[in-house]
Amino acid sequence: GMASLAAILKDRDYDVTGSDEGVYPPMSDFLSQKQIPVFPGYHVRNLAANPDLVIIGNALSRGNPEIEYVLNRRMPYISFPEALKFFFLQKKTPIVVTGTHGKTTTTSMIAWILHTAGFSPDFLIGGISENFRSSYGLEGGQYCVVEGDEYDSAFFDKGPKFLHYLPYVAVIGNIEFDHADIYTDLEAIKLQFRRFVHLIPQQGYLAVGADSPAALEISRFCHGKTETFGIDSENVWSPANMQLQDNRIRFDILHRKKLFQQVRLNVYGNYNVRNALAATAILNHLGVSGEDIRRGLESFTGVRRRLQLRATVGGVRIYEDFAHHPTAVRETLRTMRETLHPTRLWAIYEPRSATSIIRKVCREVQADDLIVIMSNGGFGDIYTKLPKALEQQHAKSYSTVQEKAR
C-alpha cells in the first residue's frame, strides 16, 4: 500500500522518497521503475531534505530514529490511510473492499471490469494486478476502488485503515480471526467491522459474503441497501452448475435464483467464484451491464503472487502464493489438488522465522511433484533460489547419467 501511494503521489507531480527495511519484489522492482528512491534502513539523514509532509506506515513505532526526529522537529505527519483519504477519496465515490480473505483479488476484479466497461476508475490494490501490470490507477472517473485493510493505521492511530476510506459502496467478503498481534479474539475484529459498516450511508450499498456467519452478523448493522452473495442458492447472488473445464471454473451466476450470466474464469479456485460473485454484486449495483461484467470476469488474469507459476524444472512445477492464514493455506492446497492433480504436493510455508528449506526440498523432490510456496513476505528470495538449486541438481544428475552411459 505504501509503495502504491508513493507512486500515485509521484504521478501527481509530488517529489517522493521513502525509507524501509527488507524491501523485496515485486514492490522493490515497482518502485525502481517509478524512479522513487528508497533508503535502506531508518536514519535521520533520510529526512535531511526537510519534507513538507511525512507519511508514516503502521510497521513503525516509537524509538524509530526517523519517527523521533519527526516528533522532535514537529514536522507535519499523517498515516497512510489519512493520506489516501485526503489526497484521493474526498471527491470520489469510494468502493471499499474488505474481509479476511480475497479482498485483493476482488478489488482487482472490480477495478478491471469498471475499466473494460468504460467507467475509468481510480484504484488502489494491495498487490499488483496482472491485467493492469500495476497496483494502482488514476483514470479520472467517478469511482475509486480501494482495498480496505482491517489492520491498524499507525503508532498514533490504532484503528483500522478502512475506517478512513469514506465507504459508500462496500464489500465484506468474510470475517475470521486474524492479526493476533493486535486483536485479542474474533469479537475484537468484529467490533471494527461494525464501526466500518456504520460509516456506509443510507444511500450506500453493501455486498456481504453470507458463507461467513460473522460477516452476515455484522451486515445487519448496515443502514444502506444490503445484498448477500455465497455458495448457498438462497443468497441474492449465488453460483450454479460449477464445473472444471480445462483447469478453469465454468459456472452460472444467479441473481435471486434466476440466470444472470454464464462465465468461465481464468483464475483457479472455488474461492474465486465467491470473489466473482462479490464483484458482480457491486458492479450490477453501479449499473454495469451483465454482458460487460461477463467480459470483464473472463478477461481477468489475477493478481501477482496469487497462485503464480514461477518455474518448471525437471518435471517439477513451482507456484507462489500469498497465503498465510490457516483458511487461505487450506483453500490454496485444496485448489491445487483438485485442479492440477499432482502426484505429490509440497507446501512450503514461511512462519517468518529463521529457517532454510531449500536443501531439504532438493534432497527429497521427485519428478511430477508440485510445489506451492506460501508467504506474505520475501521468504529469503526462495522463489529465485529454489529453482536455481533444482536446476543445478538436475544438471548434475544429468551429467552423472551421461558419464555412466559413456
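Arg 294 and Glu 298 are four residues apart in helix α9, which puts about one helical turn between them. Helices here are DSSP runs of H or I with at least four residues, strands are DSSP runs of E with at least two, and both are numbered from the N terminus. The side chains of Arg 294 and Glu 298 meet in a salt bridge, 2.8 Å from N to O. A salt bridge requires a side-chain nitrogen of Lys or Arg within 4 Å of a carboxyl oxygen of Asp or Glu.

The model is predicted: local features need pLDDT of at least 70 and side-chain atom pairs count only at pLDDT 80 or more, whereas totals for chains, interfaces and linings use all residues. Residues are numbered from 1 along each chain as its sequence is written, and side-chain values use heavy atoms, with hydrogens and water left out.

Helix α9 covers residues 290-299, and Arg 295 and Glu 291 are also four residues apart in it, separated by about one helical turn. These two form a salt bridge whose closest N and O atoms are 3.5 Å apart. Arg 295 is partly exposed at 44% relative accessible area, and Glu 291 is partly exposed at 33%. Glu 298 is partly exposed as well, at 24%. The terms follow relative accessible area: buried is under 20%, exposed is over 50%, and partly exposed lies in between (1.4 Å probe, protein chains only). Salt bridges link Glu 291, Asp 292, Arg 294, Arg 295 and Glu 298 in a network.

The count of salt bridges comes to 19. One of them joins Glu 227 to Lys 225, with the closest N and O atoms 3.8 Å apart. Glu 227 is buried at 5% relative accessibility, while Lys 225 is partly exposed at 43%. Side chains of opposite charge can pair when their charged atoms come close.

Helix α6 spans residues 186-197. Its 12 residues reach 16 Å from first C-alpha to last, close to the 16 Å expected at 1.5 Å a residue; the expected span is 1.5 Å times one less than the number of residues. At the start of α6, a side-chain oxygen of Asp 185 comes to within 3.2 Å of the backbone nitrogen of Glu 187. The buried residues of α6 include Ile 189, Phe 193, Phe 196 and Val 197. The buried residues of this helix pack against strands β5, β10, β11 and β12 and against helix α7 (213-219).

Ser 219 lies in helix α7 and is buried, at 6% relative accessible area. Beyond its neighbours within four places in sequence, Ser 219 is in contact with Leu 206, Val 208 and Thr 226, where contact means heavy atoms within 4.5 Å.

An open sheet of four strands runs in the order β17-β18-β20-β19 with mixed pairing. Its edge strands, β17 (308-313) and β19 (344-349), each pair on one side only, and the twist averages 20° from one strand to the next. Two strands pair if DSSP finds at least two bridges between them. Strands β17 and β18 (residues 316-321) run antiparallel and are joined by five bridges, with Val 313 opposite Val 316 in β18.

Helix α10 (residues 326-340) lies across β18, β19 and β20, at about 155° to β20. Axes are lines fitted to C-alpha atoms, for helices over the stretch in contact, and angles run from 0 to 180 degrees between N-to-C directions.

How values were computed
A polar contact is a pair of N or O atoms within 3.5 Å; within protein, one must be able to donate a hydrogen and the other to accept it, and residues adjacent in sequence count only if both atoms are side-chain atoms.
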